[in-house]
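Subject: Structure handover

Hello,

Here is the structure we talked about. Please load it first, then read the notes below.

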Amino acid sequence: MTAAAYNFAYLDEQTKRMIRRAILKAIAIPGYQVPFASREMPMPYGWGTGGVQVTASILGRDDVLKVIDQGSDDTTNAVSIRKFFQKTAGVATTTATAEATVIQTRHRIPETPLQAGQVLVYQVPIPEPLRFLEPRETETRKMHALAEYGLMHVKLYEDIARHGHIATTYAYPVMVAGRYLMDPSPTPKFDNPKMHRSAALQLFGAGREKRIYAVPPHTEVVSLDFEDHPFEVNRFEQPCALCGAEGVYLDEVVLDDRGGRMFVCSDTDHCETRQAAGHRGTMASPIAAGEGGRRAD
Amino acid sequence: MPTDEAPLLMARGVTKLYGHRIGCQDVTFDLHAGEVLAVVGESGSGKSTLLSVLSTRAEPSAGRIEYRMRDGVARDLFRLNEAERRLLLRTDWGFVHQDPREGLRMGISAGGNVGERLMAVGERHYGRIRETAIDWLGRVEIDESRIDDTPRAYSGGMRQRLQIARNLVTAPRLVFMDEPTGGLDVSVQARLLDLLRGLVADLGLAAIVVTHDLAVARLLSHRIMVMRHGRVIETGLTDQVLDDPREPYTQLLVASVLT
Ligand SMILES: Nc1ncnc2c1ncn2[C@@H]1O[C@H](COP(=O)(O)OP(=O)(O)OP(=O)(O)O)[C@@H](O)[C@H]1O
Ligand SMILES: [Mg+2]
């Protein structure tokens, strides 16, 4: 099949207009989950059809698209989505965060700070942060309408009671613009501070759950916590073994079956850019040779 | 029992119809701060219906209910907006269900169950929430060591006591109870009643207690309302009504012919 068989970016113009209206509403009410008529996409739901529909609706011919999954540009999921838009929209793609105008992501926010004019599109599996505490949708809607969010703190209370600290490390709940409780999707809490007052527009699409929400540029995003158990980001004991970066999110990579392992940047673009600039970690040379510093996955 | 003040709750002509069937009809009474009112009557007489309307869980078909808020101003309960109504429900009121599973979060620890209302009104200090929860567990005779267990691991009597603690932690002024000792063994019932009586007296709580059991009414309440076919047929001080019932129906109830 040729690209000509599709409308630009796959979705028909009427659908894109409908999704854009939902996006505009979401931007107007930061953190509020706007229902939309999610369409079937030629990929399974687990692949981020919500994010794909949002991206399809905002892409223009001049956009430069980056797609990441777990911080990496070359996992199957990231590669397929990138190819999908290359084929259906013919847009330029990149792995460089700074060059992208639209970045679709699952799990991570790039380490390179985002700039005004960039759009970060999140693929969201479960948009409702109160879902596991209150399964009744009529009730969670009411809680959002009345900003009754005490229950979310009950969850954090349970964490501390059980583990001695807030053990939630992914999908860590945030308050957006002091009004709506929001699930940042399965990003690590490490990335929560990056959402706060980001210069970029952040859009969230949940395909199966048919919800879109947004954090407009420069919006307050505050992670929930207790006075005596303040929010803390994950800390890593050592720098990236490849590029030596500190203060970035690291993945553990198992090297062999004898317990050998190393910690490397989860953001592969960030890591490669640093290595290209001459930064070296403790294990850089042997791995970097022949692989250009990119870890295998 | 103070009676000089304006009433805490005023019900006037409260009626609830389910289609053509009468839930309750034309119920009028005042409840004062610190007063415990028992609502008795046979099965189907409208006790639960009345309680759910009074507590705004159901809308009346006719009549008016006013409640004197903490600022002293009496408000028509069905003119409150939803936010005000829900705030009232989780701060100044309590609701104790017969089945504690309806009033507890079964997947959340006892501490979390007790702490929920505190967090709902903005408490954000874990240590204080925990201390208050421990204090309340003690007051309902649950050992501190059980604070991190979920109610699933509790006996029926413990669950009921936990439900009570969860309701009382925000120092409500009015508690609704629907057959609070209903599902429990007789010996467990006695202990719970004792505990309830102590708490109600210590805290100066007003309460409306629906019960089949006249012994419960006798032990807990100052006043009693006898319902039949949705209407209040006799009302008065509990001891007077139970010792010297006027209505033939009440006489039958007291003689334990009806249950
Ligand atoms: N949801 C409902 N729909 C229709 N009819 C109802 C409903 N709830 C109660 N009723 C009817 O209203 C009347 C009063 O019922 P209610 O449950 O208030 O009685 P009760 O005094 O609490 O009885 P019990 O002691 O058995 O709990 C009964 O005739 C009952 O069948
Ligand atoms: Mg009943």
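A residue is called buried when its relative accessible area is under 20%. By that cut-off, strand E7(B) is mostly covered, with five of its five residues buried. Please keep in mind that this is a predicted model.

**The sheet in chain B**

E7(B) covers residues 174-178. Its side chains go two ways. B:Leu174, B:Phe176 and B:Asp178 point to one side, B:Val175 and B:Met177 to the other, and all are buried.

E7(B) belongs to an open sheet of six strands in chain B. The order is E6-E7-E8-E3-E9-E10, and the pairing is mixed. E6(B) (93-96) and E10(B) (231-237) stand at the edges. Each has a single partner strand, so one side of each is left without a neighbour in the sheet. From one strand to the next, the twist averages 15°.

Here is the pairing, going across the sheet:

- E6(B) and E7(B) run parallel and share four bridges. B:Phe95 stands opposite B:Phe176 of E7(B).
- E7(B) and E8(B) are parallel too, with five bridges. B:Asp178 has B:Val210 in E8(B) as its bridge partner.
- E3(B) and E8(B) are parallel and joined by four bridges. B:Val39 is bridged to B:Val210 in E8(B).
- E3(B) and E9(B) are parallel, again with four bridges. Here the partner of B:Val39 is B:Met225 in E9(B).
- E9(B) (223-228) and E10(B) are antiparallel over six bridges. B:Met227 is bridged to B:Val232 in E10(B).

**A loop residue in chain B**

B:Asp213 sits in the loop between E8(B) and helix H8(B) (214-220). Is B:Asp213 buried, partly exposed or exposed? At 28% relative accessibility, it counts as partly exposed. From B:Gly138, B:Asp213 is 75 residues away in sequence. In space the two are 27 Å apart, C-alpha to C-alpha.

**Two helices in chain A**

H1(A) spans residues 13-28, which is 16 residues. From first C-alpha to last, the helix reaches 22 Å, close to the 22 Å expected at 1.5 Å a residue. Its buried residues are A:Thr15, A:Lys16, A:Met18, A:Ile19, A:Ala22, A:Ile23 and A:Ala26. Seen down the axis, they fall within an arc of 160°, so they line one face of H1(A). Strands E1(A) (34-35), E8(A) (201-206) and E9(A) (211-215) are included in what covers them, as is helix H2(A) (49-58). The face turned away from the buried side carries the exposed residues A:Gln14, A:Arg21, A:Leu24 and A:Ala28.

H4(A) covers residues 137-145. Its buried residues are A:Glu139, A:Thr140, A:Met143 and A:His144. They cover an arc of only 140° around the axis, which puts them on the same side of H4(A). What do they pack against? Helix H5(A) (150-163), strand E7(A) (180-182) and, from the other chain, helix H2(B) (82-91). On the other side of H4(A), A:Thr138, A:Arg141 and A:Ala145 are exposed. A:Ala147 follows H4(A) and has a positive phi, near 50°.

**Cysteines**

How many disulfides does the structure hold? Zero, over all chains. A:Cys265 is in no disulfide. Its nearest cysteine sulfur belongs to A:Cys243, at 3.6 Å. The cut-off for a disulfide is a sulfur pair within 2.5 Å. A:Cys265 counts as buried, at 2% relative accessibility. B:Cys24 counts as buried as well, at 0%.

Best wishes

How values were computed: Residues numbered from 1 in each chain as written. Chains lettered and ligands numbered in written order. Predicted model: local features only at pLDDT ≥ 70, side-chain atom pairs only at ≥ 80, totals over all residues. Heavy atoms only, no water. Pairing = 2+ DSSP bridges. Axes fitted to C-alpha atoms, helices over the stretch in contact; angles between N-to-C directions. Contact = heavy atoms within 4.5 Å. Buried < 20%, exposed > 50% of the residue type's maximum accessible area, 1.4 Å probe, protein only. Expected span 1.5 Å × (residues − 1). Arc of directions from axis to C-beta.
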